[in-house]
Amino acid sequence: MVFRLFLKTPYYFFCIWRCGKKADITLEESYACVKKVTKAANRAGRVTIEAHGLENIPKENGFIFFPNHQGMFDVLVFLDSCPVPFSFVIKKEASNVILLKQIIAALNAIPIDRSDIKQSLNVINRVADEVKKGKNFLIFAEGTRSKMGNKLLDFKGGTFKSALKAKCPIVPCALIDSFKPFDEKSIKPVTVKLIYLKPMYYEEYASMKTNEIADEVKRRIEEAIASHTSAY
């Protein structure tokens, strides 16, 4: 990926950096720029993104994607395949990684310090407020990558508080083999699958506790992964 984009990397980096610095650039414009660079990077790295269930993405903005978390490549899968702009919540430790830092600025992503309860609550409230205004978000409910391939860690109930506060659609998403591009020491072509599952609307989960929502979202994702990997 790096070798094939070597000559274009400075230009792509500048474009994304500019999106994060200029106040007159809209989120839609920034998203289009980041999406273009992501697609170029994935092609150069011989990574094919196979997206299913795009029709399940809500027609109206103001929802939250909740996928399983396999690694640093996960966000790139969404950026490549998702037709609507979104932002994301990312752990503070990863917010200073080169290029990722510029993408965070361009898409107004929100770093979260999981060791700081007060800051975490502020993030929950901020996400809820922005979703109410029609912004879409991506949140990894496991809190950290599983490091177990296509197996999931437990989903944390607290990550669903923003959805409850915003009363917004929850869109479970199943990532398959997203760990391979960055974690496997190979230059072979890779296919990563992303399944957008049917959304859970507020009426469906309003009476549920956050840990119950977490368990249900995890169950749906695990079922989707099992059905799409059964032929492996």
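## Tyr12 and the aromatic pairs

In this predicted model, Y12 is buried because its relative accessible area is 12%, below the 20% limit for a buried residue. The aromatic pairs number 12 in total. One of them joins Y11 and Y12, with 5.9 Å from centre to centre and 50° between the planes, a tilted arrangement. A pair of aromatic rings is described by the distance of the centres and the angle of the planes.

Aromatic residues also form a cluster made up of Y31, F63, F65, F78, F86 and Y196. Of these, Y31 belongs to the contact of helix 2 with helix 3, as does F78 on the side of helix 3.

## Helix 1 against helix 2

The axes of helix 1 (residues 9-21) and helix 2 come within 9 Å of each other, with a crossing angle of roughly 155°. Helix 1 is therefore roughly antiparallel to helix 2, since the angle is over 145 degrees. The crossing of the two helices is left-handed.

On the side of helix 1, the contact is made by Y12, C15, I16 and C19, and on the side of helix 2 by S30, C33, V34, V37 and A40. By class, the contact of helix 1 with helix 2 comprises eight nonpolar residues, one polar residue and no charged residue.

## Helix 2 against helix 3

Helix 2 (residues 27-44) also packs against helix 3 (residues 74-81): the axes come within 8 Å and cross at roughly 110°. Helix 2 is therefore roughly perpendicular to helix 3, as the angle falls in the range of 65 to 115 degrees. Helix 2 passes helix 3 in a left-handed crossing.

Helix 2 contributes Y31, V34, K35, T38, K39 and N42 to this contact, and these meet L76, F78, L79, D80 and S81 of helix 3. The contact of helix 2 with helix 3 divides into five nonpolar, three polar and three charged residues. V34 is listed in the contact with helix 1 and in the contact with helix 3.

Helix 3 is mostly covered, with eight of its eight residues buried. The buried residues are D74, V75, L76, V77, F78, L79, D80 and S81.

D80, a residue of helix 3, counts as buried because its relative accessible area is 11%, under the 20% limit. Leaving aside neighbours within four places in sequence, D80 is in contact with K35, T38, K39, N42 and I49. K35, T38, K39 and N42 are residues of helix 2 that meet helix 3. D80 and F182 are 102 residues apart in sequence, and their C-alpha atoms are 16 Å apart in space.

## Ile170 in strand 6

Which residues does I170 touch, not counting residues up to four places away in sequence? They are I64, F66, F160, A163, P199, M200, Y205, I213 and V217. I170 lies in strand 6 and is buried, with a relative accessible area of 0%. I170 and I213 are 43 residues apart in sequence, and the C-alpha to C-alpha distance is 9.6 Å.

## The loop between strand 5 and helix 6

F140 is found in the loop between strand 5 and helix 6 and counts as buried, at 11% relative accessibility. Not counting residues up to four places away in sequence, F140 touches P67, N68, H69, D74, V75 and T159. D74 and V75 are among the buried residues of helix 3. F140 and K185 are 45 residues apart in sequence and 25 Å apart in space, C-alpha to C-alpha.

K147 is also placed in the loop between strand 5 (137-138) and helix 6 (161-166). K147 is exposed, with a relative accessible area of 68%.

## Positive phi angles

Most residues other than glycine have a negative phi. K147 is not a glycine, yet has a positive phi of about 60°. D177, likewise not a glycine, has a positive phi of about 65°.

Is D177 buried or exposed? D177 is buried, with a relative accessible area of 4%, whereas K147 is exposed. D177 lies in the loop between strand 6 (170-176) and helix 7 (180-183).

Conventions:
Residues numbered from 1 in each chain as written. Predicted model: local features only at pLDDT ≥ 70, side-chain atom pairs only at ≥ 80, totals over all residues. Heavy atoms only, no water. Axes fitted to C-alpha atoms, helices over the stretch in contact; angles between N-to-C directions. Helix = DSSP H or I, 4+ residues; strand = E, 2+ residues; numbered from the N terminus. Parallel < 35°, antiparallel > 145°, perpendicular 65-115°, else oblique. Left-handed = near helix turned anticlockwise from the far one by under 90°. Contact = heavy atoms within 4.5 Å. Nonpolar A, V, L, I, M, F, W, Y, C, P; charged D, E, K, R; others polar. Buried < 20%, exposed > 50% of the residue type's maximum accessible area, 1.4 Å probe, protein only. Phe/Tyr/Trp six-rings, centres within 6.5 Å; stacked < 30°, edge-to-face > 60°.
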